[in-house]
Each structure stands twice: as structure tokens, then as C-alpha cells.
Amino acid sequence: MATIFRIHPAIGIARLGNSPDKFCISPDTGGHLPIKCDDRGNPVLDKNGEEESVKYFIDDKGRILRQAARFRVFVYDDKSPEGREAAIGDQVNIVNRRNGQLLTLRIDDIQWTAYLANKKASWYAFAETDGEHGYTSDHPLRNADITNDEERQRLIIDPGPRTVSFTGTQQAVFDKNNPGPTSFPPELVPNSISELGELRCTQMANKNRLLVLGGFGNSGSMLEGFGNPKIEEYANNDGWFDDISDGPVNARFIGTVVAIDDRPVTPPGRPVLAPAAIDPAWVVVGYPRYVPQAVDVVTMDDLVFDIAVRQFGYVPYLYGIPPYTGSTVVPQDEAGLRLWRAQAKWNTDFRPYFRRDILPILLRPLDAQNFMDADALTGGNPHNTAPGGNFDFSDLSVPPFPGEPEADRRRRRDMRHLLYGVLRKPGQENELLAPPGPDLPSGKLFAMPLLCGDNALSNTAPSKFLRLTDTMLFLLKQWADGLFIDEKTEGITPGPMHPGPGAALDRGALAAALGGAFCPGAEAGWIMRNPAIYSAAYRIKPAPPSQGELSQPGAADLKDGLEPGDITKYSALPWQSDFNECTNQPIDITYRDWNNIEPDSVGDPVAQAYQLTYWWPVHRPFIFNGLPWSPTAQNNAGDLAMTTAWASLRFIVKSDGQYGFAPTPPDQPKS
């Protein structure tokens, strides 16, 4: 096979913190704690050589540690078809695209380049689902009173790209000190922004890796005068900036050519920047994950995996063109993919593994009861977890088998079909109750998950409630119908659906990010489910390198690729306002015909029926141990208070199956 080089994870997640000195590394696996590292960014290893998890999330002065996204380059060739991490001293074959020569290169170093930016203040105003399929010409802009082109360009926080390598400059800050054009906001209140983060190049056991650190959680308003700073709503606040960011991550080998067309070069030349094409990655800077071991009902990995499966043939034996042998070569050009998509469908003979594919989904809602004050999601039927209840995994894990007593077979089938029956299906995003059917007992049950959707706020293009992805629903349907395998009783250790250590990093990095609801969302919003932003499975399509200023609204097209700042620009400004208010929500469920409510319609058009529903209970806790987790009020004043209060919120960790507040460093007084 031709040698391919890729950066993994394809999309990395870094996290804000206000400690200027200490940081840690974002986890590579969902539901895990961040990784402890030394001051240079090298992971701390335990006595078994395994990377240690952090114990403390704050430094000795009570300031939150930033979390670095960690990137690596992988090599895919005949020696390692599933990929191996490139090591210093490795020899790899590279085709020189200029003349077709085959170069054998000894890797001496890796040169990393990343580019972070924040476009929020210059972008369109967020308005629930409006804009997901394109903005109209009259859609309002943030800071619309600023009309001068030069001044609007200054609304973009743009430090320009930075480059590091282990044998060269090992650290670079995304600040104003750049030879090219830069743009930063003026002095802000309560906190100004002078940088968006930094790069650090590390090397351990001959592995050269990049750490991308985000900002310090600073946000502030440039508006002066009586009453400022002020927050006026959850998503759009003119005059405000924050230091959330995102952007591309690129790499090039620095190496020595030791052979050309298999003929040795003697003596080898001096190290050069190799012409190898390394598939780039992307980094998104999010706010702190205060409950790192809890997993969202729908994660960003679930979302991007679903896109990868249905749009890019990521697991062709799960979704593809028959016969489902797994050996079908899925075309990667756009024309070929369009033809493939038109013919691909679900493999109804596919049997998911219970513990790999089903159990993780079923377990997620159970954590939420620790962070809510009602049983809207986890209490009552069908969430009865007692022995013999309808969430009893000792029954749910048993597929039909020859000789199974008929009474047991019926009971287990009914349990599975009840749980699948209450799940909200495509087209039911505005349904509070699960539709009746053969899978459900008499009586009306809430459709699940009973969580807010992408637009729980208005009746224009509403999406009141969350649902699982198509891939998650397909796997659960197979399970409900008894078409699954319990790998434990069969003595099987299944591998991942898409094998390889690089793919594991792609999925693990996103498993700690939120995959819905997007109003506007957490680390990123609904832009992440648009197939147009991807060049391949999990891989964001970057725009050609800018030769000048980053583009303004209406000046670029998704098909041309994304610029730095193009993912997080859809998010709330400042992030703390939406974060503060995303606890619970009264949802108007009066009308089914949401967009055509006539004054003379049947019933009182003034009357409103509300269902109190939660947003992201394990991502942004509402209560913990019976008390409000955050002291800020759920209003504009609380949003303003959260711009500084976020740094004093306590982390929650799980030990021996129980959640509790994370310990504080020995020198830090307990709060």
C-alpha cells in the first residue's frame, strides 16, 4: 500500500483554565480523567509505565488547570496497515510530487503549525436552528452597528499561525507578537484578552508530539458607560469577546534523505523539510469539563461517528453496499461518495456486541440522576434499575438462545422492546410522549431522552427534544429484536468497529464533548453535523492557507473548507452566559402545528402548556448532593456573574461508583 501520514486525533479538544503555570492533558478516552503531566508537558507515568490521571484540577492557588489537546503523527503502510505512531529515527517512503521520485526519509523531527482564532464577535447572531442550512441576506450580525470594514475585521481575534519543533522553537504563544497581521480586542471589562493559547512540542521515548493549550477563560466587554458591562441574553451580546477558539493543526517531517528510488544517498544530506502530505487535524478549545467521568447521552463522538458511517463508509459492514464483507473499497472522491451514498443502507444482519455497543448507551442516563432535582430523565418507568426491573442488565444482556424457556424469552424481549419503544425516533423531535404501538404497554410514556433539543425556545423551526443518532438507534433496534451478541458469555473480546490506534484517538478525544442539544451547544454546535465541513471521516476540511485577513460573514463557502475560528463562531458570546443558563427549561408543548398557530385555532391560543426539561445534566450540573452546583442565578445578572464565577466552580469526580467533589491540593484551603 502507498504510505499515508495522518495526524491523530483528527479533532482534538483543549479546555480553558485560569492557571498561568500548571496544566494537564485532555483524556484520550471518553469518561476518563485528564492526564497528569510535568511542567514541560510530558505525561507522568506510574510504576507500571502507564500515564497517571490527575488528582487535582486546580493549582495550589485554586486556579483551574488548562487541558491541552495532544496530537501525534501516524504512519500507514504495509508494515502497519492500521497505523503506528511516527518515531524519531524511523525510515519512511515518500513520493516527491514534483518529480515522482521515491524518497526514503529518516525522520529527525516534526515541525508543527497550528492556527487559532475567534470569529464570534464578527459572525451572525445565533438564533436557534436558523442558519444551519445557510443564512438569509437579512439575518442580523453581531455588533451590527459596526459597519466599517476595517473595524469589523478587528472584531476577529486573529493572532496568526504559530510553528514549533523539538529541535527548534519548542513553545509559541498565540499573542500579538506575530510578523503577519494580528487583531486583538481593546481593553475589556471584566477581563481583557491578550492571547488565545500556546503550542508546546514535546518528545518522549522518541515520539514527537504537539500540545495545544487554549486561553485562560477571559471574557469582557469593550462597551463603556453607565450599566456596562452587561449581559442581555444567553447567546448574543454586542461588545463582548471571549478566548474560546479553534483552528487547523498541520505537520511536516524534518528528515534526512537516505535513499532516492531505493538507491542509497552517501553520505546522507542535511535535514530538510520533507514534501510529505500529512492529513491535517483540527483543535477546538472548550470550557472546563467539570464532571469529566460522566458521559453525555449523545456525545460528539456519537455525532461524528454517525456522519462517518453514513456519509464516508467508515464501517462498510455496518452501513454500506451489499454484500457486507467489510472488504468493499469505499470511494473517497466526491463523485464516488455521492454514488455510494445513494446505494448504501443498513446491514440488517449486523449483530452488535452488548457490552461494546449497547451497554454504554444504556448506562449514560443513569448518571444524570446525580445532577438533577427531579426524575424527568432517570426516575420511574422505564428506568427501574432494581433487580428484576426493566433496566436489569442481567436480563437485557441475554440474546435469544436455543432451549430458552418461553416465559424468559418473552420477558426479555418485552424489556428490550419497551426500552427501544420509548426512544425518540427521527421526525419525533417535537413529541413529548412516545407514540403507542406493540412495543409499549398501555398508558402514555415520555419519549426518551427527555432532554431539551436544538430549539426548545421558539415555535419557528422547533426541535423541542433531543434524540439519539441514526447509528445509535439502528444498533439499539438490532438489540431490541434480539439480533446481538453477549461477548462475555461467548468468551469473545471484540475489537473496535474501526480498528487502529489512530481511530481510537479520533473517537476518544470527542467522547468527552457534547453531541446535542445545540442551542447553541458546548464545545461546538450544529455545524458539526454538516457533512460539508468534512474531507473524510472525522477530518475537518481546511480552507487554503489565508494570505491575508480571515473572512467575514458571507465571504466564504463551506465547500471551500474552514478557516481558523469557523467552528466556535456559532457558539454563545460570551460562553459563560449560555453555560450559566443551560440547566433546565420550560418547553412550550401546546401545539403540534408549531409554525401555523392561528388566532382562531381550537383551544385558547394564549394558553401555554409547559414541560420542565433539562439541557445537559452531566455536562452542566444543575444540582449536586441536593444543593445548587453553581451559586449564580439563571438570569442575565447570573450570566454576568458567571464570567468570573466559572473559575471557582468545583469539579466532581467518581470514586468507588460514587460522585463527590474533587480533592483540593494540600496547600489550597478547602472551599
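Guide: Nine of the 11 residues of helix H7 (residues 470–480) are buried, so the rest of the structure largely encloses H7. Buried means under 20% relative accessible area, with a 1.4 Å probe and protein chains only. Helices are DSSP runs of H or I with at least four residues, strands are E runs of at least two, and both are numbered from the N terminus.

Visitor: What kind of model is this, and how are residues numbered?

Guide: It's a predicted model, where local features need pLDDT of at least 70, side-chain atom pairs count only at pLDDT 80 or more, and totals for chains, interfaces and linings use all residues. Residues are numbered from 1 along each chain as its sequence is written, and side-chain values use heavy atoms, leaving out hydrogens and water.

Visitor: Which residues of H2 meet H7?

Guide: Asp302, Phe305, Asp306, Val309 and Arg310 in H2 meet Asp470, Thr471 and Met472 in H7.

Visitor: New topic: where is Asn347?

Guide: Asn347 is in the loop between E21 and H4.

Visitor: Is Asn347 buried or exposed?

Guide: Asn347 counts as buried, at 8% relative accessibility.

Visitor: And what does the Asn347 side chain reach?

Guide: The backbone oxygen of Tyr317, at 2.9 Å.

Note on methods:
Buried < 20%, exposed > 50% of the residue type's maximum accessible area, 1.4 Å probe, protein only. Contact = heavy atoms within 4.5 Å. Polar contact = N/O pair within 3.5 Å; in protein donor to acceptor, adjacent residues only side chain to side chain.
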